[in-house]
Amino acid sequence: SGVRIPLSPLIYVRYAHYDEQAYSDYGTFGWRNVWNTDWIMVFLFVVWWLEYSMKWFIKCFKDYANFKGRASREELWYFLLFWSIFYVIIILIDRQIGYNFISLKDLPFNEYLPIGKFYSDVGILVFFYRPLTIMPSLAVIVRRLHDMNMSGKWTLLFLIPPIGILLLLYLIKSGDNDENQYGSVPESWY
């Protein structure tokens, strides 16, 4: 007795209503309730969330040179979340490989490079990851600015580190609810 709830095209979960007898006989995590515990629901929710949120990251790479149109807050922030996660993973892999061919401390004006304070040695993976992701990053920021009915020229300020961080916080603001000069309202969860 339960309802099948589709959480993903590939995953169906039977949501069972717990009875108090099962909890009292074997406890919440007893062998009798192993398939009825909330941990499976949490795991399936995480799988669904990753599937949902990764679509925004993939969409930004597919539209890597699309500077027209609008991008929702979700598209920008999920892109930045997964960009950061992959960047940390790449840094960790680079450290394990141990082949660092550029030191940020040796560059002129190195005190203005914020990443140099945390990680000054650049390996081959980081060296290729940053340039490969700069176009999708700028494109999604331009589309996000378009969603707020602003010109994409404001993106140039993101290249200045202290100002870029402050402007990034400005992108939290919601976009126009109606169609504007840059296009229709972008797809969003809410």
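Here is a short walk through this predicted model, stop by stop, with something to select at each one.

Before you start, residues count from 1 along each chain as its sequence is written, and side-chain values use heavy atoms, with hydrogens and water left out. Because the model is predicted, local features need pLDDT of at least 70 and side-chain atom pairs count only at pLDDT 80 or more, while totals for chains, interfaces and linings use all residues.

**Whole chain**

Show the protein chain as a cartoon and you'll find 5 helices and 4 strands, where helices (H or I, at least four residues) and strands (E, at least two) are DSSP runs numbered from the N terminus. Going from the N terminus, the order is β-β-α-α-α-β-β-α-α. Of the 190 residues, 31% are buried; buried means under 20% relative accessible area, exposed over 50%, and partly exposed in between (1.4 Å probe, protein chains only). Take the contacts (heavy atoms within 4.5 Å) between residues at least 6 apart in sequence: 61% join residues at least 24 apart.

**Helix H2**

Select 38-62. That's H2, with 25 residues and a reach of 36 Å from first C-alpha to last, close to the 36 Å expected at 1.5 Å a residue; the expected span is 1.5 Å times one less than the number of residues. Now pick out its buried residues: Leu44, Tyr52, Ser53, Trp56, Phe57 and Cys60.

**Aromatic cluster**

Rings of Phe, Tyr and Trp (its six-membered ring) pair if their centres lie within 6.5 Å; planes under 30 degrees apart count as stacked, over 60 as edge-to-face and the rest as tilted. The count by this rule is 13 aromatic pairs. Zoom in on Trp49 and Phe82: the ring centres are 6.2 Å apart and the planes sit at 35 degrees, so this pair is tilted. It links distant parts of the chain, with Trp49 in H2 and Phe82 in H3, 33 residues apart. Trp49 is partly exposed at 27% relative accessibility, whereas Phe82 is buried at 5%. Phe82 also pairs with Phe57, again tilted, at 6.2 Å centre to centre and 55 degrees between the planes. Phe57 and Phe82 are both buried.

**Nonpolar patch**

Back to the surface. Select Leu81, Ile85, Ile89, Ile93, Ile97, Tyr99, Phe101, Leu125, Phe127, Phe128 and Leu132: this nonpolar patch has about 1000 Å² of accessible area together. Patches take residues with over 30% relative accessible area and no salt bridge, joining like charges within 9 Å and nonpolar side chains (Val, Leu, Ile, Met, Phe, Trp, Tyr) within 5 Å. A salt bridge is a side-chain nitrogen of Lys or Arg within 4 Å of a carboxyl oxygen of Asp or Glu. H3 (73-97) and H4 (124-147) each supply at least two residues, and H3 has the largest share with 5.

Click Tyr99 in the loop between H3 and S3 (100-103); Tyr99 is exposed at 51%. Then hop to Phe127 in H4, partly exposed at 37%. Beyond neighbours within four places in sequence, Phe127 contacts Phe101, Ile102 and Val122.

**Last stop**

Finish at Asn149, in the loop between H4 and H5 (161-170). Its phi is near 60 degrees, a positive value in a residue other than glycine.

Terms used. Accessible areas come from the Shrake-Rupley method with a 1.4 Å probe; for residues, only the protein chains shown count as cover.
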